[in-house]
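Student: Hi, could we go through this one together? I'd like to start with what the words mean.
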Amino acid sequence: MNIWFISILIGLVFLLQSILGFLQLQNFVKVFRRMSKNGKVLIGKNPKKIHAGSLLLLNIDQDAYIQNASLMKGVTVFARFKCFKKLENKSLPILASSYYELQQFDPLTRECILNAYRNFINYRTGKMSQADWDKNNNFFSLPVFSMWKDMAIIGFNKFSNKVKTLVKKA
């Protein structure tokens, strides 16, 4: 009885996490689409597994000046994008190459700015990989589904081992 309660509880927690993760993804899509209407959008990311991660969206013009910036920073699925006014009207190449400019920001934001600048350079030089341009996203390739698959395999293996031990005893 206890194992069923714990299994159902774990399943509900993963379901809740999946729903909240989906809502976070919807927030990203909404902000990205809104910014895309104003021109090119650069994405700077600094993903972390255990510590706080961050994601930066930069709306740039043809001269690489930042028109709008939105930053999402946090550990949980409750993190949302917020306008980041400190970056507006700054030149991305100058910002990324200036030690003193970068020191105004925390380490997570610095990494995002530098990652966005790398993406900008790769775009300008034509060195972006095919994966950067690939728009075909499989919904079932999201991390939550691979996690569920792994859990199902582990559960099946445990169950089959119990059945094998029961059969050997009989």
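Tutor: Happy to! Buried means under 20% relative accessible area, exposed means over 50%, and partly exposed is in between, using a 1.4 Å probe and protein chains only. This is a predicted model, where local features need pLDDT of at least 70, side-chain atom pairs count only at pLDDT 80 or more, and totals for chains, interfaces and linings use all residues. Residues are numbered from 1 along each chain as its sequence is written, and side-chain values use heavy atoms, with hydrogens and water left out.

Student: Thanks! Is Ser91 buried or exposed?
Tutor: Ser91 is buried, at a relative accessible area of 10%. You'll find Ser91 in the loop between S4 and H2. Helices (H or I, at least four residues) and strands (E, at least two) are DSSP runs, numbered from the N terminus.

Student: And what is Ser91 in contact with?
Tutor: Ala64 and Tyr65, leaving aside neighbours within four places in sequence. Contact means heavy atoms within 4.5 Å.

Student: How many residues are in the largest nonpolar core?
Tutor: There are 18, and Leu92 is among those that touch the most other members, along with Leu42, Leu56, Leu58, Ile66, Leu87 and Ile113. A nonpolar core is a set of buried Ala, Val, Leu, Ile, Met, Phe, Trp, Tyr and Cys residues joined through side-chain atoms within 4.5 Å.

Student: Which elements supply this core?
Tutor: Strand S2 (53-60), S3, H2 and H4 each supply at least two residues. H4 gives the largest share, 4 residues. Another core, of 9 residues, lies apart from this one and includes Val31 and Met72.

Student: Switching topic: how many aromatic pairs are there?
Tutor: The structure holds 5. Rings of Phe, Tyr and Trp (its six-membered ring) pair if their centres lie within 6.5 Å; planes under 30 degrees apart are stacked, over 60 edge-to-face, and the rest tilted. Phe28 and Phe81 make a tilted pair, 6.0 Å centre to centre with 35 degrees between the planes.

Student: Why does that pair tie together parts 53 residues apart in sequence?
Tutor: Because Phe28 lies in helix H1 (residues 2-36), while Phe81 is in the loop between strand S3 (66-74) and strand S4 (82-83). Phe81 is buried, at 11% relative accessible area. Ring pairs also link Phe28, Phe32 and Phe81 into a cluster.
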